[in-house]
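Subject: Structure for your review

Hello,

Here is the structure I said I would pass on. My notes on the ligand site follow below it.

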Amino acid sequence: MKRKERLGVGFIGSGFITRFHIQSWVGVRDADVRGIWSPNAERAEEAAALARTLRVGEARRFASIEEMVAAPEIDCIWICGPNHFRIENMERIVDALDKGATLVGIACEKPLARNAAEARRMVELIEKAGVLHAYLEDQLFSPGLARAREIAWARGAALSGRPYLARAAEEHSGPHRPWFWQGDLQGGGVLNDMMCHSLEVGRHLLTRPGAPRSSIRPVKVSAQIASLKWSRPEYAELLRKSMGPEVDYGERPAEDFARATVSYVDEGGLPLIVEATTSWSFVGAGLRLSMELLGPEYSLSVNSLDGGARVFFSRRLHGAAGEDLIEKQNAEQGLMPIVANEAAEYGYEAENRHFIRCFLDGAPPEEGFHAGLEVTELMMTAYMSAEQERTISWKPAGLERYVPPVARGDWKP
Ligand SMILES: NC(=O)c1ccc[n+]([C@@H]2O[C@H](COP(=O)([O-])OP(=O)(O)OC[C@H]3O[C@@H](n4cnc5c(N)ncnc54)[C@H](O)[C@@H]3O)[C@@H](O)[C@H]2O)c1
C-alpha cells in the first residue's frame, strides 16, 4: 500500500455531486483533486478546470478508469457515477489493482448500491481490493448537526439518560437527471435515493459518540411509500417533457414519498426509534434537511433552511430560473433563505476532511462500505414492509435477493 504525506484524489463521474465535492475541497487538508474520469469528456474537462480554478489541485481528465487508477499521482478514488454503474465502476477499479496499480483508499457515494445483493457485491469487491474504504454520507458531518449531537449527548444524555427518538427528513421537489426517476436504473424512487441519508442520520444521532455502530441493533421496520404528486396526469406530462419519454410516470411511476420507522434496542435493551421521511414532492425554497433528537430532559433540532441570511426579490423582477441561491431551488421571487456555504453546511467539507485523514493515517473509517451495506439492507426491508403492508422483523429472510417493485417495474401506486 502507498504511504504518502499528501494524497491525490480521482473522481469517477463529473456530474452534480462531483462539483459539490470539488467545491468542498477548499476546506480539505492534505489532499488534492488530481483526476476526473467520466464518459462525457467535455464535462470531465469542465470539472477538472473547476478544481484548477478553485486551486484545489492540478486536476486533469483521464481517458479511462484504469488509466486514472494506475496514474502515480492518484492515491484515492471517489466513486460518484450513477447508481446503475456502481458495480461496473468498482470492478474496473479492482481489475486495475489486479494488474498492478495501487491505491490507498476508495470512497463511494450513497447509496452504496441499488439493492442488498449489489451492496454485498460492493463489499466483496472492496475486500478483494484490500484498500481502505469510505461510504460517503455527508449529512453525518453537517457542522450544525455534529455540534448539536455532541452537546445533546455531553450535557443532556449525561445528566438525564440516553436519547430515545431520532427524526430525520430530506425533501425537495425532485431530482435533476432522468436516471434518478427511473426505478430500474436508480434502484427505487425517493426511498432509495434519499432515505439512505435519513436512516443513517437517525442511527448516528441515537448512537453514543465513540460507540461502535453495532451498539444499537435494529429490531423491526415499518414503512409506507406513495406517489402523491408526480403520477398525477398533469405532473406526469410535465416530467415527460422535462426529463424525456423514458420517464413515464403514467406507466412506470416511482414513489415520491416514503416514511419508515425503525425500532432499535441499545446494549441494555432500551427501546429506541428512528423516524425517517423523504419526499420529491416538497415545494419550498429548495432542499430542506430537518433532524431532531429527543431525550428525557432535552431535544435538538436542525433545519437547513434556517441559516439566518435571507434575500427578497419583488414581483417586478422577472429573471431566469436557476439554482443560484440554493440546491433544488423553486423560486426567484419573494423572501428566500441563503445557505452561505452549501458544500460545508450539508457536510461534504467535513466528510472529505475526515476520510482523507483516515486514509492518510491508515485507519479504517467507521463509515465504510459495510455501513453502506447495512443502510441498503434497512432500505430494502422498508420496501418489503411497504409492499407487504406490515411491520417486518429484522433481518427478514430473502433480503439478499429482494428487489423493490419500483425497480422491478411492476409497482402500482
Ligand atoms: N450525498 C448526496 O447528498 C448526493 C447528492 C446527489 C447525488 N449523490 C449520489 O452521487 C451519484 C452521482 O449523482 P449526480 O447527482 O452527480 O448524478 P449526475 O447524473 O449529475 O452525474 C452523473 C455523472 O456520472 C457520469 N457517468 C455516466 N456514465 C457513467 C459510467 N458508466 N460510469 C461512471 N460515471 C458515469 C455522467 O457523465 C455524470 O458525470 C449518485 O449515486 C447519487 O446518488 C449523492
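The ligand is surrounded by 27 residues, and the closest are Ser14, Asn83, Arg86, Asp138 and Trp179. Please bear in mind that this is a predicted model.

By residue type, the shell around the ligand consists of 12 nonpolar, 10 polar and five charged residues. Helix H1 (16-24), helix H4 (86-98) and helix H7 (178-181) each contribute at least two residues to that shell.

- Ser14 uses a backbone N or O atom, which lies 2.8 Å from a ligand oxygen atom.
- Arg86 places a polar side-chain atom 2.8 Å from an oxygen atom of the ligand.
- His197 has a polar side-chain atom at 3.3 Å from an oxygen atom of the ligand.

On its own the ligand would expose 840 Å², and the protein buries 90% of that.

H1, H4, H7 and helix H9 (190-206) are the elements that give two or more residues to the lining. H4 supplies the largest share, four residues. Sorted by type, the lining of the largest pocket has 17 nonpolar, 12 polar and 13 charged residues.

Regards

Technical notes:
Residues are numbered from 1 along each chain as its sequence is written. This is a predicted model: local features need pLDDT of at least 70, side-chain atom pairs count only at pLDDT 80 or more; totals for chains, interfaces and linings use all residues. Side-chain values use heavy atoms; hydrogens and water are left out. A residue is near a molecule or strand if one of its heavy atoms lies within 4 Å of it. A polar contact is a pair of N or O atoms within 3.5 Å; within protein, one must be able to donate a hydrogen and the other to accept it, and residues adjacent in sequence count only if both atoms are side-chain atoms. Accessible areas come from the Shrake-Rupley method with a 1.4 Å probe; for residues, only the protein chains shown count as cover. Ala, Val, Leu, Ile, Met, Phe, Trp, Tyr, Cys and Pro count as nonpolar, Asp, Glu, Lys and Arg as charged, and the others, Gly among them, as polar.
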